Amino acid sequence: MKTAIVTGAARGIGLATARLFAAEGWQVALVDRDSEELARVAPGIAQGFAVDCDISEPDQVEAMVAEVIARTGRIDALVNNAGIADFGPIEQTDFARWRAVMATNLDGTFLVSQVCIPALRKQGGAIVNIASISGLRGSTLRVAYGTSKAAVIQLTRQQAAELGEYGIRANCVAPGPVRTKLAMAVHSPEIIAAYHDAIPLNRYGSEEELAEAITFLASEKASYITGQVLAVDGGFESTGVGLPALRKTPA
Ligand SMILES: NC(=O)c1ccc[n+]([C@@H]2O[C@H](COP(=O)([O-])OP(=O)(O)OC[C@H]3O[C@@H](n4cnc5c(N)ncnc54)[C@H](O)[C@@H]3O)[C@@H](O)[C@H]2O)c1
């Protein structure tokens, strides 16, 4: 049975992705450092099992991947979804805040991918990294978060370039705003209203809409796609001249 690892799977986009993989007949390793929440949700997923792991800790990553392989014998897809958001002005982003964001969003994505390579190359697997529109466009308050996500986009291209000869594909999904715990912690009512104005589809995305794009890129249906960044964002990234006033048709 095909096996996927989904990091940050205890809630939000990761949990929806794990559910969709399971619905499509995959075995899923749900990986998260929130052991309590993970233990609560994993039993609800057919062919799903929980593995506690902080992806920013190299020893824990080694142990997690070894446990998955011991249980399933294979890894066909890796979804590097675990991420943290910490928004603040540059002057107030001290080194500890900067490092915490980089440790999970960038270091963790690098580490888990690296440790999965031997298993992924056995049958030609897929990596799907989760970045953000904040990695595609500059913005205020995202010096650490946005920079970490831009780095994830470049990491994806590096992986595609080097791992292609092993038959491993690497792609990236850049979500627009989704009403998860992560987003609601940093999106004020003003930010929510501004997003609605700036997004052509005039709304936030859902976890399930993100999961559809992620599982597609992980699947055989995407067998000739590698090194790509897919913004799943209601059109936000594509609208360079996206001022709400310019989108209104004159009466
Ligand atoms: N929600 C949005 O609007 C949005 C927009 C763009 C990008 N994203 C990205 O999508 C991904 C998922 O976001 P979400 O909104 O579902 O977040 P979320 O906060 O709801 O879920 C993230 C999960 O990752 C886990 N996690 C965090 N750090 C970890 C670590 N070091 N090791 C293991 N697990 C860890 C958390 O415990 C949590 O369960 C993130 O990479 C995020 O940056 C989200």
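User: Which residues of H1 are buried?

Analyst: This is a predicted model, in which local features need pLDDT of at least 70 and side-chain atom pairs count only at pLDDT 80 or more, while totals for chains, interfaces and linings use all residues. Residues are numbered from 1 along each chain as its sequence is written. A residue is buried if 20 or more other C-beta atoms, placed from the backbone, lie within 10 Å of its own, exposed if 12 or fewer do, and partly exposed in between. In H1 the buried residues are Gly 12, Ile 13, Gly 14, Leu 15, Ala 16, Thr 17, Ala 18, Arg 19, Leu 20 and Phe 21.

User: Which residues come nearest the ligand?

Analyst: A residue is near a molecule or strand if its C-beta atom, placed from the backbone, lies within 6 Å of it. Helices H1 (12-23), H4 (95-123) and H6 (181-186) each supply at least two residues of the shell around the ligand. Of the 30 residues around the ligand, those that come nearest are Gly 8, Gly 12, Gly 83, Thr 180 and Leu 182.

User: How many residues of the shell around the ligand are charged?

Analyst: Ala, Val, Leu, Ile, Met, Phe, Trp, Tyr, Cys and Pro count as nonpolar, Asp, Glu, Lys and Arg as charged, and the others, Gly among them, as polar. The shell has 13 nonpolar and 11 polar residues, and its charged residues number six.

User: What radius of gyration does the chain have?

Analyst: The radius of gyration is taken over C-alpha atoms, and the globule rule is 2.2 Å times the number of residues to the power 0.38. For 251 residues, a compact globule would have a value near 18 Å, and this agrees with the value of the chain, 18 Å.

User: What share of the contacts between residues at least 6 apart in sequence join residues at least 24 apart?

Analyst: Two residues are in contact if their C-beta atoms, placed from the backbone, lie within 7 Å. Among contacts in the chain between residues at least 6 apart in sequence, the share joining residues at least 24 apart is 71%.

User: Which residues does the annotation "domain: Ketoreductase" cover?

Analyst: UniProt positions are given in the numbering used here, feature names are shortened, and annotations may be inferred rather than shown by experiment. According to the unreviewed UniProt entry, the annotation covers residues 2-181.

User: Is Leu 141 buried or partly exposed?

Analyst: Leu 141 lies in the loop between strand S5 (126-130) and helix H5 (143-163). Its phi is near 70 degrees, a positive value in a residue other than glycine. Because Leu 141 has 18 C-beta neighbours inside 10 Å, it counts as partly exposed.

User: What is the phi of Asn 202?

Analyst: Asn 202 lies in the loop between helix H7 (189-198) and helix H8 (207-218). With 13 other C-beta atoms within 10 Å, Asn 202 is partly exposed. Although Asn 202 is not a glycine, its phi is positive, at about 60 degrees.

Conventions: Helix = DSSP H or I, 4+ residues; strand = E, 2+ residues; numbered from the N terminus.
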